[in-house]
Amino acid sequence: MLYTVNQHRSLTVLRQDDRPVLLRLAYLGLINTFALLRMLPTSNRDKNIEILALRHQIEVLQRQLGATRVRFSPADRALLAALLHRVPRHILHRLRLLVRPDTILRWHRDLIRRHHARMSRPKRPGRPRTIRSIRILVLRLAKENPSWGYRRIHGQLLVLGVRVAASTVWQILTDAGIEPAPERASSTWAQFLRSQAEVLLACDFLETVTLTGTRMYVLVVIEHTHRRIRTLGATAHPTAAWVIQAAHNLVMDLEDAHCRARFLIRDRDGTFPQLFDDILADAGIQVVLSGVQMPRMNSFVERWI
């Protein structure tokens, strides 16, 4: 078989990362090139004799192989496809080959298909990156407007004539480590305690044991602003009447101190009756209940205790 320059173009469709196949193919191409040079001075008579001898040898091999199929390496397939794909079909069917002519043509189609698939593959997988100016604008809007979610920012971009998808805005904020929405618009419990410290109170019961072994319950109130502790009383039996009287004492103490408290945080202890909250509500103080088994919501008084 001969190897020409025009047929070499069909061999370039092999994958560039398949180095063993390319080395084998280069070796086969070099051998066939020398074979071509050797046959140039040969007469047509000698060539015909060699062709007949080769055809006879192929027939002998086919008889010996029987039903056994011949295994071709990828380099052998590429070389045969490059040599024979330009031969007319009616002539190709008359050639003595170890495979069917349709198989040769299928090998060539596979090479072309792999070539086009590799050329059509994008250099950077995935969606194209958003323009840098748009990303800067999105981050600027998020920084200057902390309460805006990605939907609000997307709407503002449309007003400015910047047409991007809402999911793109969400991805830009996520990549920058900014919560897209809606959590970013809501303040945390710690932020609420710091911002409302001047009007916040917190109360809880403190349990202690005296020298005589009596268990005592002490009701304390703390002011978040100055960390001032108010002890409303101690008792061995914190009944509802006792707690209600402690609420009255707290309201009078706050009025005497001109305290501007508006909220009081307490847990969900059943010792506090509903009348306790009502007395504070009449004084303009709203009771805020902490979560179930969440002492950190009332962390100031818990830490003091």
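What follows is a short chat about aromatic pairs, strand pairing and a surface patch in this predicted model.

Reader: How many aromatic pairs does a search of the whole structure find?

Author: Three.

Reader: Take Phe205 and Phe272: why is the pair called tilted?

Author: The ring centres are 5.3 Å apart and the planes sit at 45 degrees. Rings pair if their centres lie within 6.5 Å, and planes under 30 degrees apart are stacked while those over 60 are edge-to-face.

Reader: Phe205 and Phe272: buried or exposed, and how do you know?

Author: The relative accessible area is 12% for Phe205 and 6% for Phe272. Buried means under 20%, so Phe205 counts as buried, and so does Phe272.

Reader: And why is the pair of Phe272 and Phe276 called tilted?

Author: Their centres are 5.0 Å apart, with the planes at 55 degrees. Phe276 is buried, as is Phe272.

Reader: Which residues form one aromatic cluster?

Author: Phe205, Trp242, Phe272 and Phe276.

Reader: Back to E1. How do you know that E1 and strand E2 (residues 215-223) pair?

Author: Pairing takes at least two bridges. E1 and E2 have nine, in the antiparallel sense, so they pair. Across the two strands, Ala202 faces Ile222 in E2. The hairpin they form has five residues between the strands, and Gly213 in its turn has a positive phi of about 90 degrees.

Reader: What joins E2 to strand E3 (residues 229-235)?

Author: Six bridges, with the strands running antiparallel. Again at least two are needed, so E2 and E3 pair as well. Val220 has Thr231 in E3 as its bridge partner. E2 and E3 also form a hairpin with five residues between them, where Arg227 in the turn has a positive phi of about 60 degrees.

Reader: Now the surface: which residues make the nonpolar patch of about 290 Å²?

Author: Leu61, Leu65, Val70 and Leu98. Leu65 belongs to helix H3 (residues 44-65).

Reader: Why is Leu65 called partly exposed?

Author: Its relative accessible area is 35%. Buried is under 20% and exposed is over 50%, so Leu65, in between, is partly exposed.

How values were computed. Residues are numbered from 1 along each chain as its sequence is written. This is a predicted model: local features need pLDDT of at least 70, side-chain atom pairs count only at pLDDT 80 or more; totals for chains, interfaces and linings use all residues. Side-chain values use heavy atoms; hydrogens and water are left out. Rings of Phe, Tyr and Trp (its six-membered ring) pair if their centres lie within 6.5 Å; planes under 30 degrees apart count as stacked, over 60 as edge-to-face and the rest as tilted. Buried means under 20% relative accessible area, exposed over 50%, partly exposed in between (1.4 Å probe, protein chains only). Helices (H or I, at least four residues) and strands (E, at least two) are DSSP runs, numbered from the N terminus. Patches are made of residues with over 30% relative accessible area and no salt bridge: like charges are joined within 9 Å, nonpolar side chains (Val, Leu, Ile, Met, Phe, Trp, Tyr) within 5 Å. Accessible areas come from the Shrake-Rupley method with a 1.4 Å probe; for residues, only the protein chains shown count as cover. A salt bridge is a side-chain nitrogen of Lys or Arg within 4 Å of a carboxyl oxygen of Asp or Glu.
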